[in-house]
Amino acid sequence: MSDPETTSDPDKINATRSRLADLGPHQFWRSLDEAAATPEFEKYLHREFPSQLAVWDDPVGRRSFLKLMAASLALAGVTGCTRSPEEKIVPYVRSPEELIPGQPQFYATAMPRGGYGYGVLAESHQGRPTKIEGNPEHPLSRGGTDAFMQASILSLYDPDRSQTILHRGVIETWEAFVSAMATEMAKQRKQQGRGLRILTGTVTSPTLAAQLADLLQALPQAKWHTFEPSAADSVQAGARLAFGRSVDTVLHFDQARVIVALDCDFLSALPASLQYARDFIDARRVATDSRTMNRLYVAECTPSLTGAMADHRIPLVPSRIETLARHMLQHLKSGTSIDPTQVPEGIPIPWLTAVMEDLLKHRGASLVAVGPGHPAHVQALVHAINQVLGNVGSTVTYIDPVVAAPSSAGSTLRDLVADMAGGNVQALIILQGNPVYNTPGELAFASQLDKVPLRIHLSDYYDETSFFCDWHIPAEHYLESWSDIRAPDGTASIVQPLITPLYDGKSPHIILDVLMGKPGGTAHEIVQGYWKQRLAGEAFPQRWRKALHDGVIENTSSKPIDVKLQSGSDAVPGAVGSRPIDKASFEIDFRFDPTVWDGQYANNGWLQELPKPLTKITWDNVAAISPTMAEQLKVSSGDLLEITVDGRSLQAPVWIMPGQADRCVSLTFGYGRTQAGHIGTGRGYNAYSILPEREGWFHSGTVRKIAGHQILATTQHHHNMEGRDIVRVTTLDMVQHPPETTHQADPAESMYAGFKYEGNAWGMVIDQTACIGCNACVVACQAENNIPVVGKEQVAVGREMHWLRIDRYYHGPLDDPETYFQPMMCVHCEEAPCEVVCPVAATVHDSEGTSNMIYNRCVGTRYCSNNCPYKVRRFNYLQFADETTPSLKLLRNPDVTVRSRGVMEKCSYCIQRISAARIDAKIEHLPLVPEGGVVTACQQACPTRAITFGNLANRESEVRKLKSSPLNYGVLAELKTLPRTTYLARVVNPHPSLPTPGAVDAHRVTTGKVEP
């Protein structure tokens, strides 16, 4: 069964626009078909159990069904005694002193991504890591995580990881590789390394950078090249254009009152996005302090997480960003009012007027940021804007570059390709990365690589690049290796292993030691030896242990530096050789996929099945276009387009994207893999194949419809709320000056007898102002609770198993709607409709207010799911859990069961964590679990602290205080279900001269009432 949104008729788009205009002021919608109210969508929506429809229409079938039900009830005890898979338990001969059976241990380390380090705490059970949390001591994560960090634990145990050394496709030994390298390096030393090239990703590791420097000093004619798909060279080029030197920009969103993001998704797409998201939300949080709130303006091509959080957003094609930046700088310098006749096409005059007014009013407390996909001269323009506004030193600071870059001339990727084409490269060592797949198609990297006599590749997987290399060496996962790495602010961390390498992988440190003729050392010795020289003195052992314990090396963050804008750089001309966008063609905008990023996570099932925040698509990438463009091209979602840039073409399925700029097609990297593993191979298109090798991530191209249609699996229609009062929005002004009449919560009338909670009483509050829709909580819940992956086909028929979902709602016109996120899981009703219909009491309420599932009792009637108004229960239709792959057995949380088919699952408030805290409180003779004693997986993962969980019986608890907020409300509270999970209404801060978001209604702000 295909998703109804893939059958949208472009001829109905105008009718949909008209219908949205006629809707009430507080009517939300989630998809084109819902907005159009098509008969197909209505039919889809009401088929919650499609396979059972015929049973109730046929009297014979109904009788058979009742017979089967009677048999199921009789066999309830038998299903509860299903034999678990056989496991072998081997005891310790001598147990380590610090190891307590059943008690996990936590170790601080750092996860590398894009060359930067993200501080994590890894949970380990008897020597096997099972869960990733953020390190509160690390300046980047501060206890939070993103979806990639949470899913990295699955990559560790991926059975498709490379497991053997290969020489031209034949298994070889490490000793054979060392011998071959000794022969090659002897030849290179005679010619001072003239034919040797090393290709790495972004390097911030101090130890690795020192090793590379030593190698280049010993072989002065060798060259080191770097390439990272997500590292935009234009950012550093823009800094050199503005200041005459390379610098890194640090943005301080916690100090900014007004923020203008020019095609810059700072909440999810920058190296420091974790830190920026926390700072941005902290300056926006009004649940406990409503005195101030920042204001965010966004101009962007395709909707992003940052655009969804904007107070005012406009869709704008990428080429217009430069025009907008120049216009802003001109008026900031002149101080004159805006001339409507001079405003560029596509930029609303009221929006621009409000932006300029706010920026001038908040000099020194504003911030303008541009995305890394824009050319150097646009980066320089934004540096000039911040200088003119006086933001430098307050909301914007500069530091020396954190990245260790090659010092030799001719070290770009293009130079390497030219050397390979010219026969100047005799040996190429590629330390991780996958350049055959992810370099711009214009370079034809694979063809030139084939001309190199000796090619060595260190990689986690036998991937596209490994296929073209003579030697393939398995790489260690970061949880298996010793190394060091820096955060975007320069803070250094030690990467320490939690488990012996599963497949005898090697690290880049070992490979470089082999090249230097020093085989036999360990990565631990290399890294510790480097820091022993930097942290010299008798106190080194203590400082080393402290660095391992804390996850950061103290006093290693970069200090702000003073830079001056070069004369004339505030009027930067267009970059030499840049090509303007042809008005007769389309703009092709390239972006990194929100779930598989640049392709390195393509074989991670958790991330493939994770719904993308804005489209809710799983297992595929699409070509996002606007509704107007869909009308022009006469295409529906799922139809195929041929997109051509500079003569190179690809085919991609359409996705009609509300809020997308017209005449702009957005493509995402990360798919189209040919050697990713059994999960990621053969999915989607490869956007790198048509990417030009020049500045900017947007280019002119042609688009045409071709024959064919692709089914897309999206979760947006599943569990629809049918227009009920779900999302609530208000303004900062209404919070500060509430109307005289607010909606008071109705008395909790119920047909059930009440229950008095005398002990712990658990509850949760989710702040929708702080939720950015990043999906970190969804993957954290999956990792914590052993939730299986079901595959694209099962997702397409509504059988995804996530216990937690993040609903995306639209409000307003089709072409530029407002966007809102709402996390939704079991709300743990005190008067739960699911419990009264279960014939075997598999779902029950406990004395602490949580609604629990007893899996051994469940016989799969699905009555509880049918009776749940929140649609948060998941039925395990098939044997989704892999119980046979040996490495995946190590992955699972031992505190949570692995469910077999035929049972209902749902959020349990992490009951295993509640039970552990209850035991600890009992040991300490405490009547209640203290504040902070239980942190759910979703709460712990959230980078913006949008989720608060705690004990309502504790009158001083944070969750109780939030439930007393006038912003607090319960979803579908009119049903008298008394949900324990409630929400804080989304608060926006619109400019007084611009329209207030249409979803705002002061009378929907409630007065909270909290009694456990």
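Helices (H or I, at least four residues) and strands (E, at least two) are DSSP runs, numbered from the N terminus. The structure described here is a predicted model, in which local features need a pLDDT of at least 70 and side-chain atom pairs count only at pLDDT 80 or more, while totals for chains, interfaces and linings use all residues. Residues are numbered from 1 along each chain as its sequence is written, and side-chain values use heavy atoms, with hydrogens and water left out.

Thr615 sits in the loop between helix H23 (605-608) and strand E20 (617-618). Buried means under 20% relative accessible area, exposed over 50%, and partly exposed in between, with a 1.4 Å probe and protein chains only; Thr615 counts as buried because its relative accessibility is 10%. Leaving aside residues up to four places away in sequence, Thr615 touches Trp655, Met657, Thr714 and Arg808, where contact means heavy atoms within 4.5 Å. Although Thr615 and Arg808 are 193 residues apart along the chain, their C-alpha atoms are separated by 8.5 Å.

**Cysteines**

A disulfide is a pair of cysteine sulfur atoms within 2.5 Å, and by this rule the count comes to one. This disulfide joins Cys301 to Cys664, with an S to S distance of 2.5 Å. The pair links distant parts of the chain, 363 residues apart, with Cys301 in the loop between strand E10 (295-300) and helix H12 (305-308) and Cys664 in strand E24 (residues 664-669). The torsion about the S-S bond of Cys301 and Cys664 is about -100 degrees, so the disulfide is left-handed. Both Cys301 and Cys664 are buried.

**Helix H10**

In helix H10 (residues 233-243), the buried residues are Ser234, Ala237, Gly238, Ala239, Ala242 and Phe243. Helix H15 (376-388) and strand E13 (396-399) are among the elements that cover these buried residues of H10. Gly244, which follows H10, has a positive phi near 80 degrees.

**Confidence**

The pLDDT, the predictor's confidence in each residue from 0 to 100, averages 86 over the chain, and 86% of the residues score at least 70. Over residues 741-745 the pLDDT stays under 50, and the model has nine contacts for them beyond four places in sequence. Where pLDDT is low, the predicted coordinates should not be read in detail.
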